[in-house]
Amino acid sequence: MFTWNYQYISKAILEKTFEQTMLAKDGGDVLVRIHTAIHLEDEAVELARFIKSLVPTAKIIGTSTSAVINRGKLAMNQCVISVTQMNSATVRTLILPTVDEKSGLPLSVDSVCSCAKQTVMQKDMKLLFAFLAGEFFDIDRMISHVNECAPGVKMTGGIVNLSAIGQQKDCEGGFVFDENGWSRKGLLLASVAGEEADCTASYATGAQAIGDSYEITDAFENCILKLGKVDAAKEYRTGVGEALRRNPDKAELFPLVYADQDDIPVPIRYAANVSLSELYPPEDPVYRAAYEARPDLDGTERKDRILTNHGVTTGRFLRRAFIYDRKIIADNHAMFRHIENFEKAECLIGYSGAARSTIYSNCAKWELSAYEDSNICGCVTAGEIVNDGKRNLLAYGAFAVVAAGEQPATQECNPYAFSHTDSLAADNQELVKYLTELESRIERRPSAALAAAGLREFVRDCELKLLYSENEDIPNEAAMNMDMKLRGYDRFCIIRVQDTTGMKVVFDEDRIALTAHGFLSKCADFAARHNYKIYSLSTWQVALGITSYTCSFKAMVRHMEQLQKELFAVSEGMIAIVPDFCVINGCTVENLKSVYNSACIDMKKKNVQFYVCDAGYYQSDEDSIRERYHMINLINYAIANDGIIPYYQGIYDNKTGTIHHYESLMRLKDENGTVYGPFRFLEVARTYGLLYDSASAIMIKKVCERFRNAEDVSVSINLGIRDINNRDTMDYLYDFLSEVKHPGNFVFEILENEDIDAYEVLENFVDRIHELGAKISIDDFGSGYSNLQHIANIHSDFIKIDGSIVRKCCESKEAEGLMRLIMSWAKINAGVQVVAEFVENEAIQNKVVKCGVDFSQGYLFSKPTPDIAV
Amino acid sequence: MRDYGEKQKTIGLIIENLSVDYSKEIIHSVRTAIAGYRDTRLIVLAGDYNMENEKKDSRFFAREVNNTVYRLEEELKLDGLILTLPNIGGIRGDDIMNEHYPNFLRVPKVFISTDVKDAVTVRYDNAVGIRETMDYLVNVKGITRFCMLGGREDNADAQNRKAIFRQCLEEKKLSFTDDMYEKTDMSINSKSEAARLMERNADAQAVFCVNDQVAVPLYDVLKERGLMPGKDIQVFGFDNTRFSGNMQPPLASIGADGITLGEKAVELLLKKMNGEEVQSVVLPTRLYGKESLEYEMYEYTTMEMLRIDPAFVKRMFHDCFYRYASEIKDREAVDLERLFFEFISRMLKSMLTSSMTAEEFAENKRLIDIFFDNGAMRYTDPARLVRSIERLQNSMNRSQKSIAANQMNNRCFSYMKDKAILSVADDLDEMRDVAKKARERLQEFIIRCMSFGSETPITEETVIRCYDRLGMTNSALFLFEEPVIYHDGEEVHFPQKIRLMCSVRDGELRVISKERRLGNTSDMLLRTELPKSIGYVAIPVFYGRKIYGFIISEVNESVADRGEYFAKMFARSLCLNEAGKGEQA
């Protein structure tokens, strides 16, 4: 047996493809499956005929669908053709009508089955495809017939649906077809038989039943009227919340299951305020008999209804079901292993329930990704026939996979697919959110107390499923978010063990597992003793939470310090670990992550393992935010409207007693003419780097142009590392200096207040400037940023003593000492001249002169001004 | 070139007297309000009011010297001022605005209950609260014989309250006679006035005290006459200070309905500092019923209880813990309001579901324990709480459905009552302990600073090393290089430089090394060695006419009560040792 799967593109390409496939003329039967989401009925039949003309021996079956599965991908608006060449197996196919053509009444199941028995079923049958179009046929009973008369035969297929293309409005009414025609009310069967042939089937739903079971005590067609004597719709609503009235779609989140099939969900549609006659028109011959059989029913009464797809008969028991990520993962793992272990997996066939995607939107994509490398082919159906190992069943919202073959073969599956559970977790978050809202809205009215109690219990059960971490009995992150929202948990300590990957290099897995377990159990034990709630975020990360109304933050910090000590005490056989503690006050779901991230950065910077912070602290207050945006507007305005004004402050030569040169300082002017100093805008401009770049470039050009033709006066210009890294600015400067008459008149003051990682760039710049004949000065020397070794390499012409030293040189001996130290260093490095800034009064000036400083700058001599005579 | 910008704003609070309850209340509410603003802090400058015509004895001079602390307002270059000078304002309100200090004229100012022409002022609407009380007493209690212990002639508020009292009586067709009124100096030293009033009005059924303070001597007089406030005679005061709840029996008092004077003043001042126009404000008041005059502000209705309405539980909480609303909400402390909601709502819920399991009961008990262990009783008096609890309990008992659940609830209630009384008793014990320890420490301070001649020379340094013994757990000591001498009637000028000698943070002494001590007087509050706080108080350290410097301390209850005393003890030790040095020389 061998299978080729093609996406249908055009007849011409299809023809070529068939040629290339070179189906063995004398081989076994050829089964061709067509699943189409793009063809209308007649086109589909035409396609089948075309294939038949290419491969006359082919047995063709075709169905409509809303999306196809091909090579592990779900694709809308495609048609997929799967060709299986049997070695010795035989295939029989047939479409049986399910409705009598003349009367329009459904045919009985028994008559259809006996017909099928004579035509399709054969000896040594291993696999039976069954596709039903139209709903007037009890496919459930037909499946149990097959189970009885052909035990061991695996069935697959289901109820076909339709993508919303063409004229059809109702996308549920799919059709089946072969080369002889199509049917909207028919059953398509195909059997595979052969001594060598073998197949296996498995399925995944992710559903689990929760709580009590209810008997269906009254039903009409697919509508459940009463559950355990009470109104079914009301009862169901109690289980999933009043919100259902406003939002009937939510019904799909909480399907039901039949009590005898624990994990096969029955999707529920919730219809508000409808009558039975609207759902099932009595004039329709199909329903006429049903109404006649139930004269007691009032077909016109409008009320809320719940509708399911099949199997609604009185006497069956229903339970509430819950689909959640961990069960989906577990189910798929099991199914994957089942398929993997099958010996003759030459061909894979998969059918996924349409309801599945609506409940868990990422589910189908996620589980299919495991089969990306295999030649799986199938489609989405409205209902699937699954096999639980013993018998065949009809399921809704399941993912069914069948592996078949005649010779030993394995399928290449993608084993890493299952580790990426993020998309499922995202769906889970949605579900948790819904439950959270549900819980917060649970009725407070005394009359609703009982119903609310039942609902609360259901929600709690769901939570239990959702909120516990995979391995240990500890709630997970979703539980943490829920507690934050609902129960006022707002003080958290996040404990994380770092560098666990390094552990694997040295220690064996058992020892690591033991240590992880010890870590977790110590934390859990501590939490239990001190009334904290513990959450497992990942193997090496837990959070301990408490409410602000039961414990003060101080007490919490004390507890955490104690826990850190306890964790540090290593017991035998365990690896020594160093957990990071981050204790946060005032957490909310919104801020916790970001606060924790910034705390982590801070912890790393400071190399601390215990960190305490307040989430409120990270929120900027309104005033500073407003100020920031005001400044951004101002800078933008200044850039656009010539508002960047160079001011000049004279630098006084202590030997000659004259102004030696000017320092240019940036000022901004707003539309009212108000002038702003740099401390208001420079920080903001730096954080918005591009703003700084353009403002700085304008400033540099203005100053350069002003002094272009100056003969005997020089100017200094401040440059940050950003400027030096800015090509445009540098190109301008180099060009300017090479054409100007007296390049020696230009001094560049380098601000070292940013961390510099590439000193090469800086040294390169300095050399270029010197080559061109200009000079270099180091600004804010001694301010704490300057690295002496690098400064020695820069060969500057001036250094400027930081203002904080100069200011204090009269009061503090230490400051004076520092100044003298700088002076003596300058003396040794002949040629370096020293400037003191912030010379504010005579006393400082006297001291500065006494120390031998060459130049002074400050209010004592001149204030910065835009107007100087040059 | 870098620029150095100051973002921190400092607000001065100028009050008349540090240790009286009215001032403490204002300080507390201003500090509470300031805690809500970033980069804003408070410095309290408290003087002592001297009547113009007072005898010039040592008490007079001590007050005059103490008043030099007001000069700091000019030195420290504050960004805003809140002034509450109800007594001074009455006499020389207009003078205040004409003070010649340039900084004072420049800074934005808000006054509290002070009569100053054209100034932004925050004051109580006396009428609403008094009227509410009088209506209740006349219409509900049927009381006809009133009298009033009034205030000073020069205090506008006191006069206003008297006028309203009189007007209310007249509206109710009850006449006001001068016999029914006695003026006092509004302090606790008004026993003779109270006695005279009660002598004249022996059959009075209700007494209105112009403030909470004067109720103290009135209580004494009533006790002597065998009258029990609340039972035999209704007594109510004004200002609803914290200590009115500690009186025995707790004193009913008229106080702010919602926002307090201090909070409003801070709000207005900060607006003014931002350049906004602000107007004077009159704040509504209401009666806070306590044992001396039982008055229920709310009914607990069955419907509300059954609904477990959070707003209802919140109201009940504030009814029981009537001081909570005006306290600083510490982000890091236990949220008592929410905790109260947690266990009360569980109890109410058990009424609905008719069941409370043993586990639920144990959990509730645990929550109640946490509640009281975290100082819930600071916000109420036990009598008030017990009454409120009983009211709730009675209503719940009336509407109960299940005897079993109700029994559990009743057990919870009685547990709460026990805890309430126990925790008050514990607090008292603790207070006694603290007082005893403080006394012992102070004694040690005195002994350590005693000089026994040349074998044990005591220097300024020795005294400073004992500074922490005073027990001001978060404070710093500033001394001038030479003491400033106060000359009668002359303006004092503080030197430009002052030495920060030592600081105490959380009780831990740090003596500053000699090189670092000297700094500008105007930068006192900028020194990084100061203990971190949002509210400071400056207390002058003086002995006789010598002003040595200041203690800048975190402002709290104990400093308000004893800070000035400690400062004087310290100055005395400094002075005595100076004298000793003189002898030895």
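This is a predicted model: local features need pLDDT of at least 70, side-chain atom pairs count only at pLDDT 80 or more; totals for chains, interfaces and linings use all residues.
Two helices of chain B cross each other. Helix α12(B) spans residues 310–320, and helix α13(B) spans residues 336–353. Their axes come within 10 Å and cross at roughly 115 degrees. The crossing of α12(B) past α13(B) is right-handed. On α12(B), the contact is made by P310(B), V313(B), K314(B) and F317(B). On α13(B), the partners are E337(B), F340(B), F341(B), I344(B) and S345(B). By class, this contact holds 6 nonpolar, 1 polar and 2 charged residues.

Helix α13(B) also takes part in the contact between the chains. That contact takes 23 residues from chain A and 21 residues from chain B. In chain B, α11 (302–307), α13 and α14 (358–373) each supply at least two residues of the side that touches chain A. The largest share of this side comes from α13(B), with 5 residues. Its classes are 9 nonpolar, 3 polar and 9 charged residues.

The largest nonpolar core has 258 residues. Those that touch the most other members are L189(A), C493(A), I584(A), V207(B), C209(B) and L218(B). A second core of 79 residues is separate. Its members include L85(B), L261(B), V537(B) and Y548(B).

Terms used:
Residues are numbered from 1 along each chain as its sequence is written. Chains are lettered from A and ligands numbered from 1 in the order in which they are written. Axes are lines fitted to C-alpha atoms, for helices over the stretch in contact, and angles run from 0 to 180 degrees between N-to-C directions. Helices (H or I, at least four residues) and strands (E, at least two) are DSSP runs, numbered from the N terminus. A crossing is left-handed if the near helix is turned anticlockwise from the far one by less than a right angle, and right-handed if clockwise. Two residues are in contact if their C-beta atoms, placed from the backbone, lie within 7 Å. Ala, Val, Leu, Ile, Met, Phe, Trp, Tyr, Cys and Pro count as nonpolar, Asp, Glu, Lys and Arg as charged, and the others, Gly among them, as polar. A nonpolar core is a set of buried Ala, Val, Leu, Ile, Met, Phe, Trp, Tyr and Cys residues joined through C-beta atoms within 7 Å. A residue is buried if 20 or more other C-beta atoms lie within 10 Å of its own, exposed if 12 or fewer, and partly exposed in between; C-beta atoms are placed from the backbone.
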